[in-house]
Structures are given as C-alpha cells and as structure tokens.
Amino acid sequence: MSNKSKKIRPVRSARTSSHFVKKQPANSFQSVLCAALVSFVCGVGICVALLAVFALLLTHTPLPLTAVRPFACAAAAAGATVSGLVLARKVGRQLLLCGFACGCFYAICQMTAAFIVSGAIMLQSGDVMLSIVMLFGGLLGGAIAALGVAH
C-alpha cells in the first residue's frame, strides 16, 4: 500500500474552547468572599422559606405548639446545609473544609446571639445543641458537595 492512497486528516488544534476553561479571577480572596456572600444569602433564604412553611403548617393544622423549637432547629440546619453546599461548590476546592467553615460561622453567630440575649450560654436551653446542629449541617453540605464531585 502506498501512502498516496491514504487520506490525510488534519491534526486537531491543541487549543481548548473557552467554555471548558475556567477563567481564574484576578483576586482569589475576592472570589472566596463573593462565594461566601452568595452562600450566606442562599442559606438564609432557605431558612426563612422553611420557617414560613412551618409557620403555615402550625397555623392551619392541629399540631402542638411544642413543635415550634424542633421546626426552627430543622430550618436552621437545612439553611446551614444549603449554605455549606453552595460555598463548597462555588469555591471548588477543600469542599469539606468549606462546609465545616460554614457550620462554624453559623454556630459562632448563634452562640454570640445567645450570649447577648441571656448574658451567658445556658447549657439547658438548647443553645449549644442548636450550635452543634448548625455545625453538622454545614459539614453535611460540604460532604454532599464532595460526594457530588466524586461521582
């Protein structure tokens, strides 16, 4: 067989198309700060939406009012989870650490608010438990983001 009978195919260019390449921001701190702000807004939005749904549920059903605290705790945990997930996905690296940082932020905010309101952190009032739930909620969001990357 001679080489003249074979068709010559052009070599593909080594350039990558622009939609595959992520553009690196000029300032990494600025991009992380923007991601933290977006994650905060998403987490608070989910928490407020769930609180509104739970308030409607408590208003229009014969559920006891003792369910207010567990519903509020569930809404806060869901908000922290979504916030940790969004932050981890936006940053794109060290996903579990991003979720843990989100949970720590919310736990510290909750403990600070409890300290301001009561003058001390009461172990019996659920302040510590809500902080732990928010910490684990943020960590869960980072874990979900890490599992999404693994598949």
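1. The model is a predicted one.

2. Helix α3 covers residues 95-118, a run of 24 residues. From its first C-alpha to its last it reaches 35 Å, which is close to the 34 Å expected at 1.5 Å a residue.

3. Which residues of α3 are buried? They are Leu 95, Cys 98, Gly 99, Cys 102, Gly 103, Tyr 106, Ala 107, Gln 110 and Ala 114. Several of these return in point 7.

4. On the chain as a whole, the secondary structure comes to four helices and zero strands. Read from the N terminus, the order of elements is α-α-α-α. Of the 151 residues in the chain, 24% are buried.

5. The packing of α1 (residues 28-60) against α2 (residues 68-91) deserves attention. Their axes lie 8 Å apart and meet at an angle of about 155°. Angles over 145 degrees count as roughly antiparallel, and α1 and α2 are therefore roughly antiparallel to each other. Their crossing is right-handed. Sorted by class, the residues in the contact of α1 with α2 are 23 nonpolar, four polar and one charged.

6. Helix α1 also packs with α3, at an angle of about 60° and with the two axes 12 Å apart. That angle makes α1 oblique to α3. The crossing of α1 past α3 is right-handed.

7. Which residues make up the largest nonpolar core? It has 12 residues in all: Ala 35, Ala 76, Ala 80, Leu 87, Ala 88, Val 91, Leu 95, Cys 98, Cys 102, Tyr 106, Met 134 and Ala 145. Helix α2 gives the most, with five residues. Leu 95, Cys 98, Cys 102 and Tyr 106, listed in this core, are also among the buried residues of α3.

8. The chain has four helices and zero strands. Helices α1 and α2 pack with their axes 8 Å apart. The largest nonpolar core has 12 residues, and α2 gives the most to this core.

Key. Residues numbered from 1 in each chain as written. Predicted model: local features only at pLDDT ≥ 70, side-chain atom pairs only at ≥ 80, totals over all residues. Heavy atoms only, no water. Helix = DSSP H or I, 4+ residues; strand = E, 2+ residues; numbered from the N terminus. Expected span 1.5 Å × (residues − 1). Buried < 20%, exposed > 50% of the residue type's maximum accessible area, 1.4 Å probe, protein only. Axes fitted to C-alpha atoms, helices over the stretch in contact; angles between N-to-C directions. Parallel < 35°, antiparallel > 145°, perpendicular 65-115°, else oblique. Left-handed = near helix turned anticlockwise from the far one by under 90°. Nonpolar A, V, L, I, M, F, W, Y, C, P; charged D, E, K, R; others polar. Core = buried A, V, L, I, M, F, W, Y, C linked by side-chain atoms within 4.5 Å.
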